[in-house]
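Subject: Structure handover

Hello,

Here is the structure I promised to pass on. Please open it first, then read the notes below it.

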Amino acid sequence: MEVVWMMPLLLLLFPLLMWTSSTFVFHFKKFFYVAWMMLLALLGIPACLLKSGGRDVENMRVIRSMVRHVKYLLGLRIKVSGWEHLQTEGPYVIISNHQSSLDVLGMMEILPDRCSTIAKKELVYAGTVGLICWLSGIVFINRKKTSDAKSVMADAAKTMLDQQIRLWVFPEGTRNQNGDLLPFKKGAFHLAVQAQVPIVPVVFSSYRSFYLQKEKQFKSGTIRVKILPKIDTKGMTSEDVSSLADQSHGLMRTAFLEISNSVPKSNGPLKH
């Protein structure tokens, strides 16, 4: 009975807190995002099973179609430039910077057909999200064991060529919100060189104008996504991996700073 009497009060407090407290908005949006994605995954699992009968990269189409609306629910807009650089036949490796779980929204906005991703092994245990990720052909690696990661990358290179798929990799290896790019790990570049396939760099603008983890702020805003020209790896060997990683990092960092500075100020109230 007490819960029933409290409902009108909660309904009155909710819009007030949404308007006056940036901390409440932050936690509500974070909770809503995780809960909504888990619900979408729950609905998507049977759709994937009906579509492909099990684990298949084609199931990424299901995820892509189900997730694209989520940006609107969070008050975000995504502006993309360089679409033409994804019009590349055959397998290739996409690399992008990694800031938060919101990267999924930018990824699904531009994800090409027959493209999956490489993710940390822990994700497979994330309930319905982990299951649908497995069904979509995501390659899981144990980042703590270098030997396992190298073995997975070698297998992934073979799979790319045998099944003609693309793979999306976050070469920073961990989430980063410091306003710049972390040094790149070499796995994605070994993968591309082993398979002799191009690299397509993708850059997300900084989220700092609308999303600040430490300050507990999550406002509406714009994510700019810039797709850069492909980098060919034909004829490269393992000796070229370091210079390839450095070249990619330089190009992406320049683009990151450029598009981050062009992002307009976020919308919505900023109150405490």
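Leu 39 sits in helix 2. Keep in mind that this is a predicted model. Leu 39 is partly exposed, with a relative accessible area of 36%. Together with Leu 42 and Leu 43, Leu 39 makes a nonpolar surface patch of about 270 Å².

Next, helix 3. Six of the eight residues of helix 3 (residues 60-67) are buried, so the helix is largely enclosed by the rest of the structure. The buried ones are Met 60, Val 62, Ile 63, Arg 64, Met 66 and Val 67. They pack against helix 2, helix 4, helix 5, strand 3 and helix 6.

Now the charged pairs. The whole structure holds eight salt bridges.

- Lys 71 and Glu 109 meet at 3.1 Å, N to O. Lys 71 is in helix 4 and Glu 109 in helix 5, so this pair ties together parts 38 residues apart in sequence. Both residues are buried.
- Asp 162 and Lys 158 form a salt bridge at 2.7 Å, N to O. Both lie in helix 7, four residues apart, about one turn of the helix.
- Lys 226 bridges to Glu 258, with the closest N and O atoms 3.3 Å apart. This pair links distant parts of the chain, strand 9 and helix 9, 32 residues apart. Glu 258 is partly exposed, at 45% relative accessibility.

There is also a network of salt bridges. It links Glu 58, Arg 61, Arg 64, Asp 113 and Arg 114. Arg 64 is also among the buried residues of helix 3.

Best wishes

Conventions. Residues are numbered from 1 along each chain as its sequence is written. This is a predicted model: local features need pLDDT of at least 70, side-chain atom pairs count only at pLDDT 80 or more; totals for chains, interfaces and linings use all residues. Side-chain values use heavy atoms; hydrogens and water are left out. Buried means under 20% relative accessible area, exposed over 50%, partly exposed in between (1.4 Å probe, protein chains only). Helices (H or I, at least four residues) and strands (E, at least two) are DSSP runs, numbered from the N terminus. Contact means heavy atoms within 4.5 Å. Patches are made of residues with over 30% relative accessible area and no salt bridge: like charges are joined within 9 Å, nonpolar side chains (Val, Leu, Ile, Met, Phe, Trp, Tyr) within 5 Å. Accessible areas come from the Shrake-Rupley method with a 1.4 Å probe; for residues, only the protein chains shown count as cover. A salt bridge is a side-chain nitrogen of Lys or Arg within 4 Å of a carboxyl oxygen of Asp or Glu.
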